[in-house]
Amino acid sequence: MGTEPQEQRTQKKSFYKEWVEPFLIAAVVALFIRQFIVEAFKIPSGSMIPTLTIGDHLLVNKFIYGPRIPFTDTRLFSWKEPRRGDIIVFKYPENEDKNFIKRIVGLPGDKIQITAGKLFIKDQPIPLRDMGPSPEGDHEGGFSGFTPRLMEEQLGDVSHRLQYLQEQTDKKFGPITVPQSSVFVMGDNRDNSQDSRVWGFVKFNKILGKALIIYWSWDGNDRWLRWERIGNLIK
């Protein structure tokens with residue numbers, strides 16, 4: 001049997017170095033980034049209105065709380081602890097094949113209570129300011145005749161907006177104390193969110209990362225692309 005001509009061997013080696021090798025390196029780098037550093041997520045529901053809305057596409061910082069060993073809930077090391085006010089992506093406690101996004105309200109040891117719609121943490125009322133009618137137009141779940149209200153809440157050093165769809169005088173929850181290595185989460189669309197008030201706490205090791213930035217947003221109806229939301233930092 002004859003040997004392969006030197007020219008053909010050179011061409012194969014050149015093809016591998018020019019095309020296959022860079023592709024493999026790029027794939028490994030992309031997988032590393034997705035697993036340990038940042039990953040894209042899409043908002044499928046209105047539970048985080050007005051902060052996030054349906055059609056927002058996010059980048060989530062997966063490194064901030066510590067990188068995880070692939071295919072496990074074990075972190076290689078702890079970088080930062082979750083903080084009150086962080087918007088996190090986590091494994092849904094009732095079906096870990098699904099990822100949810102909510103805001104951290106309570107930390108380990110916090111006593112959480114809601115009275116007449118007002119949030120109390122460790123028996124202290126969380127500052128809340130009425131900003132008038134909500135421009136979002138999400139009336140789902142609202143009482144007839146009630147105009148959705150936009151509010152500003154101060155969670156520690158995080159100031160954020162939330163939305164009420166219903167009269168709050170009869171809204172109550174708790175008191176309940178957050179256990180160790182867990183957080184209590186709520187949606188910013190307080191009357192249209194399935195969260196810790198319904199299915200309980202989120203364990204630290206089920207948190208996938210912290211929402212970072214909106215890199216793409218479209219509504220699929222009137223304007224399609226929401227230019228004004230692209231590039232907004234999430235807080």
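Biologist: Is Asp195 buried or exposed?

Modeller: Asp195 is buried, because its relative accessible area is 0%, and buried means under 20%. Keep in mind that this is a predicted model.

Biologist: Which side chain makes a polar contact with the side chain of Asp195?

Modeller: That of Arg197, at 2.8 Å.

Biologist: And which residues is Asp195 in contact with, leaving aside its neighbours within four places in sequence?

Modeller: Lys102, Val185, Met186, Gly187 and Gly200.

Biologist: Let's zoom out. How many helices and strands does the protein have?

Modeller: Two helices and 14 strands.

Biologist: What share of the residues counts as buried?

Modeller: 39% of the 235 residues. The protein exposes about 13600 Å². Carbon and sulfur atoms supply 57% of that area.

Biologist: What about contacts between residues at least 6 apart in sequence?

Modeller: Of those contacts, 56% join residues at least 24 apart.

Biologist: Which way do the side chains of E3 point?

Modeller: Ile87, Val89 and Lys91 point one way. Ile88 and Phe90 point the other way. Both groups are buried. In a regular strand, side chains alternate between the two faces of the sheet.

Biologist: Which strands pair with E3?

Modeller: One is strand E4 (residues 99–106), antiparallel to E3 over five bridges. Within that pairing, Lys91 has Asn99 as its bridge partner. Another is strand E14 (residues 207–217), which is antiparallel to E3 and joined to it by three bridges. There, Ile88 is bridged to Lys210.

Biologist: What holds paired strands together, in general?

Modeller: Backbone hydrogen bonds, in either a parallel or an antiparallel arrangement.

Biologist: What is the strand order in the open sheet of four strands?

Modeller: E7-E6-E5-E11, with antiparallel pairing.

Biologist: Why is one side of E7 and of E11 left without a neighbour in the sheet?

Modeller: Because strand E7 (124–125) and strand E11 (172–177) stand at the edges, and each has a single partner strand.

Biologist: How many bridges join E6 to E7?

Modeller: Two, with strand E6 (residues 118–121) running antiparallel to E7. In one of the bridges, Phe120 is partnered by Pro125 of E7.

Biologist: New topic: rings. How many aromatic pairs are there?

Modeller: Eight. One of them is Phe173 with Phe184, a tilted pair. The ring centres are 5.6 Å apart, with 50° between the planes.

Biologist: Where do those two sit in the chain?

Modeller: Phe173 is in strand E11 and Phe184 is in strand E12. They are eleven residues apart, and the pair links distant parts of the chain.

Biologist: Why does Phe173 count as buried?

Modeller: Because its relative accessible area is 18%, and the cut-off for buried is under 20%. Phe184 also counts as buried, because its relative accessibility is 0%.

Biologist: Which residues form an aromatic cluster?

Modeller: Phe90, Tyr92, Phe100 and Trp199 form one.

Note on methods:
Residues are numbered from 1 along each chain as its sequence is written. This is a predicted model: local features need pLDDT of at least 70, side-chain atom pairs count only at pLDDT 80 or more; totals for chains, interfaces and linings use all residues. Side-chain values use heavy atoms; hydrogens and water are left out. Buried means under 20% relative accessible area, exposed over 50%, partly exposed in between (1.4 Å probe, protein chains only). A polar contact is a pair of N or O atoms within 3.5 Å; within protein, one must be able to donate a hydrogen and the other to accept it, and residues adjacent in sequence count only if both atoms are side-chain atoms. Contact means heavy atoms within 4.5 Å. Accessible areas come from the Shrake-Rupley method with a 1.4 Å probe; for residues, only the protein chains shown count as cover. Two strands pair if DSSP finds at least two bridges between them. Rings of Phe, Tyr and Trp (its six-membered ring) pair if their centres lie within 6.5 Å; planes under 30 degrees apart count as stacked, over 60 as edge-to-face and the rest as tilted.
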